[in-house]
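Below is a short note for a colleague who is looking over this model.

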Amino acid sequence: MNYVKTILITGGAGFIGSNFTKYIYKKYPNYRIVVLDFLTYAGGIDNFESRMMANKERFEFFYGNVCNNDLVDELVAGASIVVHFAAESHVTRSIYDNLIFFETDVLGTHSVANAVSKHKKTVERFIHISTSEVYGTADTDTMIEDEHPLLPMSPYAAAKAGADRLVYSYWTTYNIPAVIVRPFNNYGPNQHLEKLIPRFITSCILNEPLTIHGDGSAQRDWINVKDTCRAIDKIIHEDADKVVGQVINIGSGKSIDIKTIAEIIVKKMKKSKSLITYTDNRPGQVFRHTANIEKAKKLLNWQPKISFEDGLEKTIDWYKNNREWWEKRLWMRKVPIINKDGKKIIH
Ligand SMILES: NC(=O)c1ccc[n+]([C@@H]2O[C@H](COP(=O)([O-])OP(=O)(O)OC[C@H]3O[C@@H](n4cnc5c(N)ncnc54)[C@H](O)[C@@H]3O)[C@@H](O)[C@H]2O)c1
């Protein structure tokens with residue numbers, strides 16, 4: 001079969017990457033998908049559907065490191081669209097052991113951006129997945145892409161800010177067809193248990209404490225992963241004049257504090273509020289984050305469709321119905337991180 005497009009998805013076996021891969025697979029039967037993933041603790045082949053894995057003509061999986069320049073060059077050479085998710089993504093781990101964050105997030109992006117630059121005659125669009133963490137704590141009510149300063153507060157955020165600006169500089173210097181996306185806090189199925197919402201949901205299922213760092217007043221902008229996938233889809237298909245060279249926030253435009261999230265989850269799962277416990281605040285955390293999504297609305301004619309209440313309910317159901325998936329990952333939650341003073345930290 002002649003495919004209309006070949007989409008290379010790096011980090012496609014992770015949380016957002018696998019949701020996006022499945023979204024594209026379902027929506028565009030005439031697109032070929034190539035996934036490159038190093039299957040770190042955060043990625044899993046079990047995030048794909050077996051029917052996809054069986055369709056070798058339409059879906060190809062490459063086990064490999066995004067920092068491997070030769071491999072990336074070969075894969076980018078065969079792609080018309082590149083969506084780059086691959087990264088180390090956990091703020092807390094970056095505080096205690098950050099070299100791998102700079103290697104994967106900065107040098108991995110360097111490898112992809114170089115390949116895109118080399119093959120820019122055939123690559124129509126390069127979507128770099130950055131993060132809202134690059135902004136640091138909000139200076140203003142909502143954070144506007146081209147106005148809010150970049151003040152990363154953790155090594156993860158700093159690595160991502162480096163990658164974000166690297167891609168920007170390649171657009172200005174080498175005219176690559178890049179779009180930089182800054183998603184806010186995503187939630188949904190297949191998200192690793194080290195992240196807040198899956199951790200709270202699975203803690204409720206296991207009748208274990210829901211541990212909040214600090215007083216729980218830190219606010220985040222929560223966006224359902226399906227809405228993020230729809231936004232990236234729009235970016236792929238929008239006119240180049242409109243989106244290339246742009247930085248685009250993907251969020252809900254509203255924020256909710258961590259304590260409220262814990263209370264909503266406990267209530268929805270019919271558990272006692274006494275499961276919610278508090279511990280020391282962690283360094284490197286942002287205190288308030290709300291996206292300004294006017295640019296995404298205007299350029300992409302996109303806005304989030306899934307309310308937090310509905311999205312959360314479906315996510316709770318997913319974790320209830322997919323115990324086998326998350327039980328395999330439970331060990332990771334119990335592995336302590338050793339900090340610089342040799343102290344063990346459970347995250
Ligand atoms: N989850 C969020 O809320 C959120 C918000 C904003 C931005 N982001 C960004 O979106 C992207 C995806 O986030 P996620 O939550 O799905 O992350 P994730 O940790 O679930 O997935 C990352 C994926 O990248 C792969 N990977 C890691 N190192 C690699 C390497 N060297 N080579 C190839 N693959 C490698 C992992 O195996 C995994 O499959 C990241 O770039 C992250 O910074 C995430």
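The numbered points below concern a predicted model.

1. Ligand shell. The ligand is surrounded by 32 residues. Gly11, Gly14, Ala42, Gly43 and Ala87 are the closest of these.

2. Composition of the shell. Sorted by class, the residues around the ligand comprise 15 polar, 14 nonpolar and three charged.

3. At least two residues of the shell come from each of α1 (15-27), β2 (31-37), α5 (99-118) and β7 (185-187). Of the elements, α1 gives the largest share, with three residues.

4. Leu39. This residue sits in the loop that runs between β2 and α2 (50-54). Leu39 is partly exposed, because 13 other C-beta atoms lie within 10 Å, and the cut-off for exposed is 12 or fewer.

5. Asn301. A positive phi is also found at Asn301, about 55°, although Asn301 is not a glycine. The loop between α11 (294-300) and α12 (308-321) holds this residue. Is Asn301 buried or exposed? Asn301 is exposed, because 9 other C-beta atoms lie within 10 Å.

Notes: Residues are numbered from 1 along each chain as its sequence is written. This is a predicted model: local features need pLDDT of at least 70, side-chain atom pairs count only at pLDDT 80 or more; totals for chains, interfaces and linings use all residues. A residue is near a molecule or strand if its C-beta atom, placed from the backbone, lies within 6 Å of it. Helices (H or I, at least four residues) and strands (E, at least two) are DSSP runs, numbered from the N terminus. Ala, Val, Leu, Ile, Met, Phe, Trp, Tyr, Cys and Pro count as nonpolar, Asp, Glu, Lys and Arg as charged, and the others, Gly among them, as polar. A residue is buried if 20 or more other C-beta atoms lie within 10 Å of its own, exposed if 12 or fewer, and partly exposed in between; C-beta atoms are placed from the backbone.
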